[in-house]
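Please find below a colleague's note on the model under discussion.

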Amino acid sequence: MQDLILSIESSCDDSSIALTQISDKKLIFHQKISQEKEHSSYGGVVPELASRLHAEALPLILEKTKPYLKQVKAVAVTTEPGLNITLLEGLMMAKTLAFSLEVPLIAINHLKGHLYSLFLEKEAIFPLGVLLVSGGHTMLIEARSFEEIKIVARSIDDSFGESFDKVAKMLGLGYPGGPIVESYAKRGEASSFSFPVPLNSKTKFAFSFSGLKNAIRLEIEKFREDGGFEDKERLEIFRANLSASFQKVACEHLLKKCKIFFENDQKSKDSWEHFAVVGGASANLFLRENLQKMCESYTKTLLLAPLEFCSDNAAMIGRVGIESYLKGEFSSPFNIKTKPKVSDFNANFSEDI
Ligand code: KG4
Ligand code: ZN
């Protein structure tokens with residue numbers, strides 16, 4: 001009978017539970033119930049609705065873990081960052097389980113989870129440079145060990161994934177916008193619109209997507225005033241061309257900042273051999289292909305999480321949970337808290353910007 005970590009993820013709109021073997025990191029159970037359909041008509045996640053849906057979905061998944069509960073040695077749960085009322089749903093379940101099974105609780109940083117989605121069922125590789133692109137965050141990270149994870153650049157406004165969601169919403173395409181806009185972009189002509197690349201000066205080592213989003217909004221308004229939304233055929237061509245032009249510039253922005261990151265790394269004496277892209281938006285194939293080329297030109301190896309585990313999931317939370325368990329990093333059920341903001345990073349995930 002192998003010892004297991006039970007992990008819970010509920011930071012946004014995915015309810016997920018996993019069971020991972022402590023000795024060899026093998027994932028023995030994983031299930032996720034996504035709420036995409038329920039939020040789609042709103043064009044984004046509605047926190048109150050998300051919280052209610054977690055309250056329904058998490059017990060349904062937990063039911064399936066019953067045969068394994070005697071083997072569980074700790075409960076790992078995402079506590080930060082995320083939507084406070086959805087994090088609380090996972091945390092309440094984690095506390096109840098920890099009390100009833102008489103095992104320790106482990107608080108997990110969701111972003112560290114995305115980082116460890118690279119290392120499911122395997123050993124971690126350090127040092128590495130990381131681009132994290134999700135619905136809530138866009139950042140460049142230098143990871144030197146489990147403890148030493150430093151954010152070196154981040155978005156000053158919207159995130160990369162969020163900008164796809166907002167473009168999809170403005171084009172009337174539903175939620176989540178990433179996969180929809182990417183598939184429209186494949187059919188479109190990227191040179192149809194020319195948008196300026198955000199923060200295109202070398203001095204500002206950060207990301208920004210709100211200006212680009214506004215430029216897109218103006219094009220959509222012009223098209224609407226011109227009656228474009230009433231002509232189905234014209235609308236489909238417009239959606240494809242605009243998606244392609246937007247995706248190209250949004251990725252170009254990421255790639256330019258990654259280039260600075262690579263250049264800085266070349267000058268460091270402790271340079272990393274591996275570069276990774278993680279987070280829900282790392283599923284974007286256009287971005288992956290371009291990062292692959294950049295890695296080749298700097299002789300770095302590109303690491304990717306399996307596509308299925310790019311977006312939020314409890315397997316990645318369990319993987320971090322194993323590291324914390326082995327180091328004895330437990331939280332008291334009496335003062336464990338949810339922390340919605342990324343500025344609340346714990347000491348293991350410092351900011352240096
Ligand atoms: O990591 P994730 O599941 O949730 C957060 O932690 O935020 O990321 C979800 C985000 C959404 O904004 C979604 O639109 C975006 O990732 N996304 C993509 C793609 N697939 C998902 N963005 C661009 N291209 C994609 N193929
Ligand atoms: Zn996430």
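The points that follow concern a predicted model and take up helix packing, backbone geometry and surface features.

1. Helix packing. Two packed helices are described by the angle between their axes and the distance between the axes. For helix 5 (residues 160-170) and helix 8 (residues 232-267), the axes come within 11 Å and cross at roughly 170 degrees. Helix 5 is therefore roughly antiparallel to helix 8, since angles over 145 degrees count as such. The crossing of helix 5 past helix 8 is right-handed.

2. The loop between helix 5 and helix 6 (177-187) contains Gly172. Gly172 counts as exposed because its relative accessibility is 52%, and the cut-off for exposed is over 50%. The C-alpha atoms of Gly172 and Ser332 are 46 Å apart in space, and these two residues are separated by 160 residues in sequence.

3. A cis peptide bond in that loop. Pro176 is also found in the loop between helix 5 and helix 6. The peptide bond leading from Tyr175 to Pro176 is cis, and its omega is near -5 degrees. As background, most peptide bonds are trans.

4. Pro81 belongs to the loop between strand 4 (72-80) and helix 3.

5. Ile85, Leu88 and Met92 make a nonpolar surface patch of about 250 Å². One of these residues, Leu88, is placed in helix 3 (residues 84-101). Leu88 counts as partly exposed because its relative accessibility is 36%, which lies between the 20% and 50% limits.

6. Most residues other than glycine have a negative phi. Glu102, although not a glycine, has a positive phi of about 55 degrees. Its place is in the loop between helix 3 and strand 5 (105-109). With a relative accessible area of 73%, Glu102 is exposed.

7. Which phi value does Glu121 have? Phi of Glu121 is near 60 degrees, a positive value in a residue other than glycine. Glu121 lies in the loop between helix 4 (110-116) and strand 6 (128-133). Because its relative accessibility is 45%, Glu121 counts as partly exposed.

Notes
Residues numbered from 1 in each chain as written. Chains lettered and ligands numbered in written order. Predicted model: local features only at pLDDT ≥ 70, side-chain atom pairs only at ≥ 80, totals over all residues. Heavy atoms only, no water. Patch = residues over 30% accessible without salt bridge, like charges linked within 9 Å, V, L, I, M, F, W, Y side chains within 5 Å. Areas by Shrake-Rupley, 256 points an atom, 1.4 Å probe, with all protein chains shown as cover. Salt bridge = Lys/Arg side-chain N within 4 Å of Asp/Glu carboxyl O. Helix = DSSP H or I, 4+ residues; strand = E, 2+ residues; numbered from the N terminus. Buried < 20%, exposed > 50% of the residue type's maximum accessible area, 1.4 Å probe, protein only. Axes fitted to C-alpha atoms, helices over the stretch in contact; angles between N-to-C directions. Parallel < 35°, antiparallel > 145°, perpendicular 65-115°, else oblique. Left-handed = near helix turned anticlockwise from the far one by under 90°.
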